[in-house]
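How many salt bridges are counted?

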Amino acid sequence: KIAAVADALVVMTQTSSDILAAEYDIAPQKITVIPHGTHLVHHTSKTVLKAKYGFEGRKVLSTFGLLSAGKSIETTLDALPAIVTQHPDALFLVLGKTHPTIVKQEGEQYREGLEKKVQELGLEHHVQFVNRFLSLHELLEYLQLTDVYLFTSKDPNQAVSGTFSYAMSCGCPIVSTPIPHAIEVLRHHAGITIGFGNAAELSTAVNRLLGDEELRRSFSLNAIHTMSATSWENSALAHARLFCQWSNKPIHLQYRLPQINLQHLREMSTDFGMIQFARINQPDKQSGYTLDDNARALIAFGQHYSLTAEESDVAYIRRYLAFIGHCLQEDGSLLNYVDIQQNFTEENGSQNLEDASGRAIWALGYIISISDELPSDVGATANALMDTLLKNAHTIYSTRAMAFVIKGIYYRNKKASIVEDHFLLRELANRMVQMYRHEKDANWHWFEQYMTYANSILPEALLCAWLATGKPVYKEIAKASFDFLLSRIFTPDNISVISNKGWLHKEHKNIPLARGGEQPIDVAYTIMALEKFSLVFKDNGYLQKMDLAFSWFLGNNHLNQIMYNPCTGGCYDGLEENYINLNQGAESSLSYLLARLTVERANTRKNLQQNELLFTEYNRKN
């Protein structure tokens with residue numbers, strides 16, 4: 001009756017939605033599916049966690065939740081002898097206390113019966129009851145060290161399971177009875193379903209998984225990706241959007257800024273430099289290093305140190321600075337790709353290295369600009385490297401590389417004006433002016449025939465050139481090109497940066513942009529440029545767009561899912577059409593940090609200005 005008269009209903013699975021529509025004649029448009037929430041996880045090595053809890057050398061099976069007969073733990077116990085025969089290192093963990101209602105009604109009868117069965121089957125070495133409430137942190141670690149998670153509920157009508165969802169979000173390969181929830185999510189190759197109470201099927205499925213590490217790894221990654229959209233953060237966003245739809249009055253969502261967190265980036269760094277890629281949040285050391293990422297890291301940690309004076313940042317600044325020195329060649333050029341053994345790779349011979357070199361010059365210039373805050377040798381090293389690199393910078397013609405060099409020179413000359421630097425800056429800026437004039441027409445205010453990646457760096461560089469020289473044409477083109485870019489990537493509600501699925505071409509400028517292929521680096525560079533334009537033009541519209549752009553990381557994007565993982569401090573690698581790339585590589589995570597630090601600076605200035613206004617008003621009145 002309640003369902004029949006409801007104006008709107010929220011359910012946790014598509015199966016539940018289908019039942020309401022078919023059995024209760026509820027109009028599908030009244031039903032919203034918001035999956036059971038899950039926790040974001042800082043994924044840790046199973047080997048490390050097994051050692052922590054004393055399970056070294058064991059293949060761990062587990063199940064958790066408030067214990068009751070409905071969980072059918074005996075199905076697993078009946079299956080264990082066949083499992084142990086093939087895998088004598090198997091250990092089954094039963095995590096959690098007995099359900100309080102069950103304890104009141106019948107005491108610990110069910111648990112005691114299970115313990116007796118373990119003894120009868122001679123499984124004392126293969127079963128362990130963890131008879132207590134686990135903290136959330138403990139629970140997530142137990143699930144992460146699990147090799148196979150077992151869900152043996154015998155209720156065919158159980159629509160959803162929170163324990164099942166938590167296990168999947170921790171990357172557990174699943175063996176489950178076919179409750180509707182399991183059927184729905186395990187179709188993405190994250191686990192195996194078995195018949196209710198069928199111990200033989202359970203042992204076969206478990207033996208298959210324990211004997212195939214690659215299959216377990218595949219199921220684990222599929223489980224993590226399947227459940228990524230169900231994090232509590234995304235669940236909150238889904239409910240908030242639903243409230244906006246239901247409300248008779250307009251509701252404006254406000255996104256709370258996460259704390260600044262460098263944990264993931266520090267974990268991505270070795271004593272030599274920052275690793276390029278990650279598998280989820282674990283550094284992929286075989287991907288090696290790049291000059292690109294270590295230059296970005298030098299800027300990001302320099303900005304963080306300038307904002308916080310956190311002493312531990314200095315060691316990382318030295319590390320990334322030394323990496324640039326490692327990449328410097330005898331002819332004054334830079335190589336970009338370095339393997340885990342610190343050797344240069346063949347990629348350096350087949351890739352354009354100008355952007356990486358330009359980015360290194362930008363990083364060096366920035367460090368020089370804050371060198372008064374750092375140990376004296378850091379500034380001296382950065383200056384010496386930059387002197388060497390600028391000797392060949394006039395040969396750079398890549399548009400973005402020129403922009404990076406202009407920014408580096410601008411920052412270095414905030415410390416002390418260097419005549420040679422100014423000549424080079426003007427030369428490069430004039431090239432950009434000529435490119436703009438060559439491509440510009442009534443409907444295209446850009447430097448090239450297409451917009452690709454890191455677009456905001458181009459107008460920002462010309463604005464830096466104006467700040468350094470006062471030449472009006474730089475400022476005029478900077479604003480015209482930046483406002484044109486903003487008109488292509490902003491709506492009143494969000495930002496959607498140029499997709500790498502095809503970029504935006506001049507002759508196709510009126511074709512809607514492709515969905516997906518959005519990279520954190522493009523959002524971050526836009527935010528950084530917005531800060532500089534707001535300072536120069538005193539235009540609050542740029543600041544408002546900065547906040548709007550940053551909300552992209554927090555879920556204000558076409559998938560309505562977070563791109564930043566506050567549990568790790570990392571940022572996901574890409575927003576695709578229908579999914580998020582959950583790997584948290586160096587480029588994306590550094591891009592997020594640069595954006596977050598930019599917003600922090602802007603908010604600090606805003607608060608100071610508000611305090612000054614209040615103080616002035618107080619003095620006027622008193």
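A salt bridge is a side-chain nitrogen of Lys or Arg within 4 Å of a carboxyl oxygen of Asp or Glu. By that rule, the count is 29 salt bridges. The model is predicted: local features need pLDDT of at least 70, side-chain atom pairs count only at pLDDT 80 or more, and totals for chains, interfaces and linings use all residues. Residues are numbered from 1 along each chain as its sequence is written, and side-chain values use heavy atoms, leaving out hydrogens and water.

Three of these pairs are listed here.

| Salt bridge | N to O distance |
|---|---|
| Glu 214 and Arg 217 | 2.6 Å |
| Arg 266 and Glu 310 | 2.8 Å |
| Arg 359 and Asp 292 | 2.4 Å |

Helices are DSSP runs (H or I, at least four residues), numbered from the N terminus. Accessibility classes use relative accessible area: buried is under 20%, exposed over 50%, partly exposed in between (1.4 Å probe, protein chains only).

Glu 214 and Arg 217 share helix α11 (residues 213-227). They are 3 residues apart, about one turn of the helix. Glu 214 is exposed at 51%. Arg 217 is partly exposed at 39%. Both join Glu 213 in a network of salt bridges.

Arg 266 and Glu 310 form a salt bridge. This pair links distant parts of the chain, 44 residues apart. Arg 266 lies in helix α13 (residues 263-267). Glu 310 lies in the loop between α14 (291-308) and α15 (313-327). Arg 266 is partly exposed at 22%, and Glu 310 is partly exposed at 31%.

Arg 359 and Asp 292 also meet in a salt bridge. Arg 359 is in helix α16 (residues 354-369) and Asp 292 in helix α14, 67 residues apart. Both residues are buried.

Key. Helices (H or I, at least four residues) and strands (E, at least two) are DSSP runs, numbered from the N terminus.
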